[in-house]
Amino acid sequence: MPIIAVIGAQWGDEGKGKVVDLLAEKARVVVRFSGGDNAGHTVINQYGEFGLHLIPSGIFYPGVTCIIGNGVVINPAVLINEIDQLNQRGVDTTGLFISDRAHLIMPYHTLLDGLEEESRGGKAIGTTRKGVGPAFADKTARLGIRIGDLLDKEVFQERLRSILEYKNTILTKIYGVKPLSLDEIYNQYCQYGERLAPRIRETTVMLAEALDRHELVMLEGAQGTLLDPDFGTYPYTTSSSPLAGGSCLGAGVGPTRIDRVLGVFKAYCTRVGSGPMPTELKDETGNLIRERAHEYGTTTGRPRRCGWFDAVVGRFSARINGLTGIAITRLDVLDILPSLKICTSYKLDGQKIDYFPGSVAILERCQPIYEELAGWQSPTSDIRDYEQLPVEAKQYIARLEELISCPVNIISVGAERGQTIHKLPIF
Ligand code: IMP
């Protein structure tokens with residue numbers, strides 16, 4: 001059986017949680033490969049509604065092994081709370097494992113995320129302030145502490161002592177705030193370590209074994225392509241790679257093992273936080289989409305910026321990720337609109353361009369060039385068969401496929417698992 005990577009193809013919040021939850025039924029292993037608790041997946045199923053931040057959505061299927069991969073940064077307090085919430089509501093979490101190589105979010109990371117954002121003033125990135133960026137920065141600077149370090153208290157204490165000395169210098173001398181206590185952090189994190197120890201593993205071995213047994217493995221992305229530190233709207237990005245390429249590094253599998261890359265797109269665009277978004281609608285239509293779709297962040301509750309589908313982004317995302325298929329979510333949100341626009345290219349300083357520029361300064365000067373299509377103005381939420389969709393909705397989907405040069409496999413027409421149209425088999 002193959003490996004499938006499911007990745008966000010826009011600016012995050014594309015509805016990956018629902019798509020992963022759908023596909024997890026067939027998977028035996030689901031691995032979260034990037035980000036931290038800055039991500040938020042809403043999953044609605046027979047147990048109720050859940051906002052998951054770290055635990056893969058596959059947790060709801062008995063017998064599915066869920067792995068938090070080495071590419072994730074973990075706030076252990078958040079993870080333990082999530083495990084407890086699931087257990088209290090009757091969800092079995094014994095199949096959840098954590099890579100010993102995953103880095104920890106420490107109290108100074110969360111503190112510094114807020115302090116750094118405030119010091120940026122009007123140029124703030126609009127981070128989730130969960131400490132994710134500072135934790136990834138420390139990983140790269142070789143100042144990180146990995147969850148596996150908690151298994152040896154002496155090693156952990158020594159590492160924390162030297163790192164905290166440095167962090168406290170920054171906190172007190174640069175930001176003028178109080179230093180953090182070594183003992184408090186040490187004791188607290190030792191408790192987290194004891195609680196999580198049975199789940200901490202060399203997870204790449206677990207993955208290799210699953211592949212040897214020919215089981216379906218799913219790599220679950222967080223955030224979206226345009227938040228990638230290399231290919232996104234830098235510096236208005238997150239700090240780990242949400243791309244298909246990032247899934248190899250963040251889960252511990254070689255690129256030749258990945259058979260399918262499913263890109264999840266909303267039927268329109270949204271973005272949280274700062275940075276350019278060429279098709280943003282700052283008008284009534286934007287507000288209508290936001291309210292109708294309840295476009296407010298799962299993690300921070302912030303209103304999401306809404307806009308028309310950007311096919312320049314779509315093409316770029318398909319190319320950078322090597323998409324083999326697409327899942328379109330929230331098509332039903334567009335049911336009421338009399339007409340729809342798709343951005344097919346940009347106008348830059350009077351010239352038409354059809355590529356996605358690398359520089360935000362250039363992107364900010366790009367004006368979307370739109371193509372207008374008729375809306376369908378009829379409900380789609382109860383439709384399960386592609387052929388039953390209104391002709392205008394099929395035209396909209398077909399045009400997206402054409403502009404992105406990639407087939408649509410799945411169309412989601414509502415939050416619930418069943419509200420899904422399987423247009424084309426993935427395998
Ligand atoms: P950070 O990842 O918290 O450092 O935030 C960096 C940028 O990524 C900000 O613009 C956030 O709003 C955005 N971001 C981070 N996580 C998500 C997500 O799960 N969905 C959408 N945007 C996100």
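1. A quick definition before anything else: a salt bridge here is a side-chain nitrogen of Lys or Arg within 4 Å of a carboxyl oxygen of Asp or Glu. With that rule, Asp-21 and Arg-417 pair up through their side chains, with N to O at 2.9 Å. Asp-21 sits in helix H1 (residues 16-23) and Arg-417 in the loop between strand S19 (408-412) and strand S20 (420-422), so the pair ties together parts that are 396 residues apart in sequence. Helices (H or I, at least four residues) and strands (E, at least two) are DSSP runs, numbered from the N terminus.

2. Some ground rules on the model. It is predicted, so local features need pLDDT of at least 70 and side-chain atom pairs count only at pLDDT 80 or more, while totals for chains, interfaces and linings use all residues. Residues are numbered from 1 along each chain as its sequence is written, and side-chain values use heavy atoms, with hydrogens and water left out.

3. Back to that pair: how buried or exposed are its two ends? Asp-21 is buried, at a relative accessible area of 2%, whereas Arg-417 is partly exposed at 24%. The cut-offs are under 20% relative accessible area for buried, over 50% for exposed, and partly exposed in between (1.4 Å probe, protein chains only).

4. Salt bridges turn up elsewhere too: the search of the whole structure gives 21 of them. Within helix H5 (residues 153-174), Glu-158 and Arg-161 are three residues apart, about one turn of the helix, and their side chains form a salt bridge at 3.5 Å, N to O. Glu-158 is partly exposed at 46% relative accessibility, and Arg-161 is also partly exposed, at 37%.

5. Arg-399 is partly exposed at 21% relative accessibility, while Glu-402 is exposed at 52%. There is also a network, in which salt bridges with shared partners join Asp-13, Lys-266, Glu-295, Arg-304 and Arg-330.

6. Now the domains. The protein is split into domain 1 (3-99 + 200-261), domain 2 (103-196) and domain 3 (266-422), with bounds taken from an automatic or database domain assignment. The C-alpha centres of domain 1 and domain 3 are 23 Å apart. In terms of contact (heavy atoms within 4.5 Å), 39 residues of domain 1 touch 37 residues of domain 3.

7. How much area do domain 1 and domain 3 bury between them? About 3,000 Å², with 59% of it on carbon and sulfur atoms. Buried area is the accessible area (1.4 Å probe) that two parts lose on being put together, summed over both.

8. Asp-13 and Arg-304 make a salt bridge, their closest N and O atoms being 3.3 Å apart.

9. On the side of domain 1 that touches domain 3, the elements giving two or more residues are H1, strand S3 (41-45) and strand S11 (258-266). H1 gives the most, with five residues.

10. Helix H8 (residues 244-251) is worth a look: six of its eight residues are buried, so the rest of the structure largely encloses it. Those buried are Ala-244, Gly-246, Ser-247, Cys-248, Gly-250 and Ala-251. Their cover includes strand S1 (3-8), strand S2 (29-32), helix H7 (203-212) and H10. Gly-252 follows H8 and has a positive phi, near 90°.

11. Finally, Asn-321 lies in helix H10 (residues 311-321) and is buried, at 5% relative accessible area. Beyond its neighbours within four places in sequence, Asn-321 is in contact with Ile-7, Thr-225, Leu-243, Ala-244 and Val-261.
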